[in-house]
Amino acid sequence: MTTPMTKLDVLPLLARLTHSQRAAVAGVSRIETYEAGTRLFEEGGLADQCWVILAGCVMVDTQVPGRGRVVLQSIGPGELLGWSWLLPPYQWHFGATVVSPTRAVVVDTQALRMLADEDPALGYQLSQILLEALLNRLQATRIRLLDLYRNPA
Amino acid sequence: MTWLPTPYRVVTRTVETHDSATLVLRPVAESLPTFRPGQFAMLYAHGVGEVPISVSGIPGDGTLVHTIRAVGAVSRALHDAAQGTVLGARGPFGTAWRLDDVEDLLVVAGGIGLAPLRPVLTHPARRTVLVAGARTPQDLLYEKEIVSLSDVEAVLTVDRGDHDWHGRIGFVTEPLASVPLDPACTTALLCGPEPMMRFCARTLLGRGVPAGRIQVSLERNMQCGVGLCGHCQLGPMLLCREGPVVPYPVAEPLLLAKEL
Amino acid sequence: MNLVLDLDGLDALIRVLRDDGRVVVGPVLRDNAITLAELDSAADLPGGWGVEIGAGHYRVRKRDDAAVFGHSAGPQSWKRFLHPPRRVLMSSDGNEFRTAQDTAPDYAFLGVRACDLAAIAKLRQVVGGPAPFVIAAQCTEPGELCFCASMGCGPAAGPGYDVALTERIDSGGHRFLAAAGTVEGTRLLDRLPGRAATQEDITLAAQDVDAAAQRMGRAMPEVDLRDLLAANRDSAHWEAVAERCLTCGNCTMVCPTCFCVSVEDTTDLDGNAERSQRWASCFEIDFSYLHGGAVRTSGAARYRQWMTHKLGTWRDQFGTSGCVGCGRCIAWCPAGIDITEEAAALAETTQLGGE
C-alpha cells in the first residue's frame, strides 16, 4: 500500500512536510478511485482511514428522521475528508458518499498515528496540517451559521 | 439635471430566483451613456423611490440590464415591474471593475453579489475562474448561463443543499482555499456580503494573491449617486464616487472598523 | 475703493440692492435670538442687541451701544437660503419626469461674518447654485465660542465678498468702513452716499479686526486634524462623548456647512409623485440604513462620523476642512458638547507621526 510520491508532492496540503516525511506518509497510503454513489463510511463505524481528494466530490451527511439523509458539507479537490480517526473512540461521527467519480489518496490512519508517535517531528507537522485544515473548516462552518445570504426583508 | 431620471421601459422581465428578477430596460427616448461593469444606476420606481442597482449585463444596444433582489419597498417595486412599465434611471455612477492587465481572472460572488460580476465573466482573460456561493440551490443566479460559458471554470457552492443538488455544499472560502491558482497572475474580483468579502480576501492573501490585485464592491446607503447627499460615506470615501469598486488595500482598514 | 457709510448710508445700501431686484437677507431680532430674514431697511437690523453665548447656552442681551453687527453666530446660517431645508427635486406622472422649477430669488446677504463667508464657499462647493451677492461684516467682536482664527477662516473676511463692512462706534460716530471686493461691489459703492475713507479709517478697521483674532473664545488644538481623526477611529473616547451626546442632530442642523440630505417621495391621489430632498443628519439612525439595518447605530459611531467628517474626511472628499470655527454646534448642543474640547481630548492621547 504505497502512494506514488509524485501525487503527494503536488498536494498543497502536505507542502510543509519534508521529502522524507512525505515518503513516510506515502508508505501508509494508496490511491483509490470511486464510482459515484460509493458509500465511504457510516456513522458509528470504525474510523481507520482518511482521504485527501484529488478529483471529484464527496458529501458528508447525517440521518435526520423525517428529512432522510441530510448533507452537511461537500469535500472537493485538495481537501481532507475524515477526522474521527484522530482521537478515541475512533468512530465515524457522520457518513460520507461519493457523488461524482472521485480519485483520492487514502491514508491508513492507524499506521499514520504510529508514524507520528515514533517521530514527534513528523507528528508535530501532521498536527499543524490537520489543525490548519480543521480551522479552515471550522471558520467556514461558522460563517455559514451567519446565514449571510438571507433576504433581510 | 442631476436629479432628473431618464425614462426607460421594461421590455423583458426574467424571474431568476424566488426573490430576484432581471429586467431589460429600453430607453423611451434619450438613453444614458454606456455603463462599465461594476458601475450602477439609480433606478426609480414611480412614487415609491429610487435605489442604486448595478448593471448585470451590458448588451451594447442601449438597453440597461439589472438583476434586482426584492429586499425593501423600492427594490420590491422594481423587482415586480411588469413588461411595459416605465422606470426612471440615472447614471452611470461609481467606479468600474479594473480590468486592464488582466491575466487570470478570479471572480468570487456571494448571493446577489453575482449580478454586478456577471458582465466580467465574458471579459477576455487567459483563464476565468468563478467561485459563487448562494444560500440554497434555488438561490443561485444565472446557473444555466454559467454552465454554458465554456471559458469559465465555475465552482458553485451553497450553504444548504437538497436531494437534487450535486454541486458543492459549504462556504466559498473552502473551494477558494484549494482551487488551482497562479496567485501572482490572478486578478480577484469580490462581491457579496461584507464579511464574506473579508474572509475571501484573507484566504486569497494567504494563497499569495497580491493585495493590490484584489478588488471588492462595497455598499452603503445611496440617495443621490453624485456625492451630494452624504449617506454613502465609508471613512474618507463617498462610495458613490470612489466606489463601489475599491481596491482591497483601501477597503480593508475601513471594513475592519466597527460601525464605520 | 473704500467708503465710509453711516446708518443712513447702510439703509441706502439695502435700498439700492432691493431696487436692483435682489432679496436682501440679514440679521434680525426674532424670538429672542438673532435670526436671518429679509430686510426692508436698516431699521430691521438688531441695533443695540448682542448675545451672551456658551456651551449649550444662548441669550440675546442689550448692548451698551447701537451696533448692528455686534453679535456672533446665531441659530441660523445662510445654509437655509443656499441649501433650503426642503427642496423639490422632480415630479413624475409615471411616464415622464420633470425637474422642479428653481424659484430661488437673487439673494444679497448682508452682515456675513468671515466664518460664514468661508462656510458659504464650502457649502457651494458641494451643493452648487448661483453665487449670492455678499456684504460681509468684518468681525471685531468674537464670541465666547468662536474659533475661526484656528480654522483659518477669520476674523478677517477672506475672498468671496462683494463688499466688506467694518462697523465702528466711537467719538467719531457710528459708521461702517465699506471696502469693495469685486467690480460689482465697487459699482454698488459708487451709488451710495458716503465719504471717501481716510487712511485712519482703514488703519482703525484693520486694528479692530486684528485685535479680534486675539480674543477668540475657543481654539482647536494645533495639530493636523485630519490625521488626528484618522488615528482615532478606534479611540475609547467616542464612548465617553456618547455618554453625553443625545444624538439629537442639533449640531448638524445649525452647522453652516453640514449638507447631507435625505430624499423623500410623496404621491397624490391623482397618481402623481414628487421627489424632494430635506436636510438630514448623520445622527439619525436611518441615515446609514442598508437593506436589513443601519450601519451606525451606537451614539459613539454616529458622533465619530460627524466629527470625523467635519474635521477630517471632508478634506479627503473636498480638499478642505468642513469646519469654519463659528461655534454654533457648541452653543446649540443641549448637552454642551464642545468640538474643540473633544478634539483636544483626542490630541492629548494621540502621538501623531511625522518626524
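This is a predicted model: local features need pLDDT of at least 70, side-chain atom pairs count only at pLDDT 80 or more; totals for chains, interfaces and linings use all residues.
Of the 153 residues of chain A, 37% count as buried.

Chain A contains four helices and six strands. Read from the N terminus, its elements follow the order α-α-β-β-β-β-β-β-α-α. Along the principal axes, the C-alpha trace of chain A spans about 55 × 30 × 30 Å. How does its radius of gyration stand against that of a compact globule? For 153 residues such a globule would have a value near 15 Å, and chain A, with 16 Å, agrees with this. As for contacts in chain A with a separation of 6 or more, 76% are between residues 24 or more positions apart.

I turn to chain B. It has six helices and 15 strands. The radius of gyration of chain B is 18 Å, close to the 18 Å that the globule rule gives for 260 residues, so chain B is as compact as a globular protein of that length. Its C-alpha atoms fill a box of roughly 50 × 45 × 35 Å along the principal axes. Of the 260 residues in chain B, 57% count as buried. Among its contacts between residues at least 6 apart in sequence, 63% join residues at least 24 apart.

The domain assignment divides chain B into domain 1 (6–93) and domain 2 (104–212). The C-alpha centres of these two domains of chain B lie 24 Å apart. Where they meet, 13 residues of domain 1 are in contact with nine residues of domain 2. On the domain 1 side of that contact in chain B, there are three nonpolar, eight polar and two charged residues.

Chain B also holds an open sheet of seven strands. Which strands form it, and in what order? The order is β10-β9-β8-β7-β11-β12-β15 of chain B, with mixed pairing. At the edges are β10 (168–169) and β15 (245–247) of chain B, each pairing on one side only. In general, the strands of a sheet pair through backbone hydrogen bonds, either parallel or antiparallel. One parallel example is strand β8 (residues 127–134) of chain B with strand β9 (residues 152–158) of chain B, over seven bridges. Within β9(B), B:Ala154 stands opposite B:Leu130.

Next, the contacts between chains. How many residues of chain A are in contact with chain B? There are 24, and they meet 25 residues of chain B. The elements of chain A that each supply at least two residues to its side are β3, β4 (68–75), β6 (95–108) and α4 (120–146). The largest share, five residues, comes from α4(A). By class, this side of chain A divides into 13 nonpolar, seven polar and four charged residues.

To see one member in detail, find B:Leu87. Setting aside neighbours within four places in sequence, its contacts include B:Tyr8, B:Val10, B:Leu25 and B:Leu43.

Why does C:Gly56 count as partly exposed? A residue is buried with 20 or more other C-beta atoms within 10 Å, and exposed with 12 or fewer. C:Gly56 has 14 C-beta neighbours inside 10 Å, so it counts as partly exposed. Leaving aside neighbours within four places in sequence, C:Gly56 is in contact with C:Cys333, C:Pro334, C:Ala335 and C:Gly336. By comparison, C:Ser262 is 206 residues from C:Gly56 in sequence and 27 Å from it in space, C-alpha to C-alpha.

Key: Residues are numbered from 1 along each chain as its sequence is written. Chains are lettered from A and ligands numbered from 1 in the order in which they are written. Two residues are in contact if their C-beta atoms, placed from the backbone, lie within 7 Å. Domain bounds come from an automatic or database domain assignment. Ala, Val, Leu, Ile, Met, Phe, Trp, Tyr, Cys and Pro count as nonpolar, Asp, Glu, Lys and Arg as charged, and the others, Gly among them, as polar. The radius of gyration is taken over C-alpha atoms; the globule rule is 2.2 Å times the number of residues to the power 0.38. Two strands pair if DSSP finds at least two bridges between them.
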